[in-house]
Amino acid sequence: MGVPDQLAERMSMAEQHEYLRARFSRRTMIRGGAVTLGAVTGGAFVPGAVAQAATPTRTFASAATVDGSLVAPFGRHLAYGADARTEMTISWQVPVAVKKPFVRIGAHPWDLSRKIEAEVRPLYTPAGVGTSGDHTQYYLHAKLTHLKPGRTYYYGVGHQGFDPAEAHLAGTLGTFTTAPAHKKPFTFTAFGDQGVSYHGLANDSLILGQNPSFHLHAGDIAYADPAGAGKAADTGFDSRVWDNFLAQTESVAKSVPWMVSYGNHDMEAWYSPNGYGGEEARFTLPDNGPDKKNLPGVYSFVHGNTAIISLDPNDVSFEIPANLGISGGTQTKWFEAQLKKYRASKDIDFIVVFFHHCAYCTSTAHASEGGVRQEWVPLFEKYTVDLVINGHNHQYERTDVIKGDKVVKKLPIGETAYPETEGVVYVTAGAAGRSLYAFTAPDSYEGHLNEVDSVASFINTKDGKVNETVAWSRVRYLNYSFLRVDVEPASKGHYAKLKVSGIAETGDRIDHFTVARRAK
């Protein structure tokens, strides 16, 4: 994004942001002539100041004359609120500025009488920040509250001149279903490292066929920053990649809450000191995390008997330290408080944690993150987390049951883990669409077993890479895939189950195992 290599090597994300903001000054932007007055005043999308500083007060001449009936929304995506039973945010994009955007919602497609005004979050990127010229992207959000649990709703997004309630626009309607009020069987899916590609689209199509209640994206979402090194020297940055990504993802995300966590490719220095200002323009996530200013991708929600926690490993990453220590320890403290709360709840059986960098992986690219092992693995074990889902490494790998960095129980395909008395199972599901990495050991997956006693790998520490030979790599699959989890509640004292499956882009199952826990 335009920072000299010799500076970027030693600059944090906040320092890169300050450098870029100084370089692309107000005077420079005005000389460019292709920016709204509001965007100049606000600079770019500013988290926490959406309605004031970032909203344009005078638009391009061309945008002011566009007939709203000629502008179709795209890139619809959903997200649960902090209470998944009663809250949902509908987000979308328009190619130019529109007037009076809104959402219509109702219990039937012919009854969309409830109309909610939408919030506009324009995102300005000047020429020179990456590869594109001056441009403004327009993201819209409508947060719905006081919904009924377990209810399916119909909705349509629109603006002045484009009303989805009109008969000829009925094909633009979508649906969503809120989380249930009580324990019920459900399915969710997960992956990381998607980007825009044929494989990303193919995985989306397969995920839609699983009929998931929600989807977890474990970071490195669109790859507008293709380098992902946490350095602003990358001249390949192109914020317009997000337009393609949201259009690609819409087939699923318009009806399935698309719950994202942030990875290293999601830090974009121009928009905010933490690098997440662009994501905050595009996504509205649950607001119950410890630090919305620095860690907007940290949150939790509950669906049925399962608590889901999203973490931000950029805060603890030794490998890519651009945001190392950004929370000052508040994320880990909040995380432990969440674990303690959910373990004490009589309504929660399972805790699933997802985030980007791998706690345990043998990829030749990134392998394992020492910061995660240092900060969070002890908490996974203390509170017997049921499943940890990561991305970062572009392949599928699943561990045995681990405790204290050692295998406490081998977990062959089809077997069952009992976290209350054993340990934690980790899955790397980072083969959603980007180019694949490699293993040092041969692939070993369902129908193609090639088990080995040990695998050569490494861990990223504060002092650099440290080689290690591990015995916990149970399943390895080097091709495109995603994770499916079927949640089966049980009556008190009986075993509730997470039935976890690795699904290849071909539709073939490459792995399956069960996590069982006595229901409360």
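This is a predicted model: local features need pLDDT of at least 70, side-chain atom pairs count only at pLDDT 80 or more; totals for chains, interfaces and linings use all residues.
Arg 282 lies over the face of Tyr 271, and the distance to the ring centre is 6.0 Å.

The protein chain has 11 helices and 27 strands. Of its 520 residues, 59% are buried. If we consider contacts between residues at least 6 apart in sequence, 72% of them join residues at least 24 apart.

I turn to the aromatic rings. How many aromatic pairs does the structure hold? The count is 22. One of them is formed by Trp 242 and Phe 245, an edge-to-face pair with 6.0 Å from centre to centre and 80° between the planes. These two residues are three apart in helix α7, which covers residues 241-253, so about one helical turn separates them. Both Trp 242 and Phe 245 are buried.

Another pair joins Phe 335 and Phe 380. Their ring centres are 5.9 Å apart and their planes stand at 80°, so this pair is edge-to-face. Phe 335 belongs to helix α9 (residues 330-344) and Phe 380 to helix α11 (residues 377-382); the pair therefore ties together parts that are 45 residues apart in sequence. Phe 335 is buried, at a relative accessible area of 0%, and Phe 380 is likewise buried, with a value of 0%. Ring pairs also link these two residues into a cluster with Phe 355, Tyr 360, Trp 376, Tyr 426 and Trp 472.

Helix α9 brings us to the sheet on which it packs. In what order do the seven strands of this open sheet stand? The order is β12-β13-β14-β16-β21-β17-β24, with mixed pairing. At the edges are β12 (299-303) and β24 (473-477); each has a single partner strand, so one side of each is left without a neighbour in the sheet. On average, neighbouring strands of the sheet are turned by 15° against each other, direction ignored. Strand β17, residues 396-399, pairs with β24 in the antiparallel sense over four bridges. Within that pairing, Tyr 396 stands opposite Tyr 477 in β24. As for α9, the helix touches β12, β13 (306-310) and β14 (350-354), and its direction makes about 175° with that of β13.

Cys 358 counts as buried, at 0% relative accessibility. Cys 361 is also in no disulfide, and Cys 361 is buried with a relative accessible area of 0%. The disulfide count comes to zero.

Strand β20 (residues 416-417) runs parallel to β27 and is joined to β27 by two bridges; here Ala 417 has Val 515 as its bridge partner. Strand β26 (residues 495-504) runs antiparallel to β27, with nine bridges between them, and Lys 499 has Thr 514 as its bridge partner in β27. β26 and β27 form a hairpin with four residues between them, and Gly 507 in the turn has a positive phi of about 95°.

The other strand is β22, residues 455-461. How many of its seven residues are buried? Five are, and the strand is mostly covered. Strand β15 (residues 368-369) runs parallel to β22, and two bridges join them; Glu 369 has Asn 460 in β22 as its bridge partner. With strand β23 (residues 464-470), β22 pairs in the antiparallel sense over seven bridges. In that pairing, Phe 458 has Asn 467 in β23 as its bridge partner. A hairpin through two residues joins β22 to β23.

Thank you for your attention.

Conventions
Residues are numbered from 1 along each chain as its sequence is written. Side-chain values use heavy atoms; hydrogens and water are left out. Rings of Phe, Tyr and Trp (its six-membered ring) pair if their centres lie within 6.5 Å; planes under 30 degrees apart count as stacked, over 60 as edge-to-face and the rest as tilted. Buried means under 20% relative accessible area, exposed over 50%, partly exposed in between (1.4 Å probe, protein chains only). A charge sits over a ring if NZ of Lys or CZ of Arg is within 6 Å of the ring centre and within 35 degrees of the ring normal. Two strands pair if DSSP finds at least two bridges between them. Axes are lines fitted to C-alpha atoms, for helices over the stretch in contact, and angles run from 0 to 180 degrees between N-to-C directions. Contact means heavy atoms within 4.5 Å. A disulfide is a pair of cysteine sulfur atoms within 2.5 Å.
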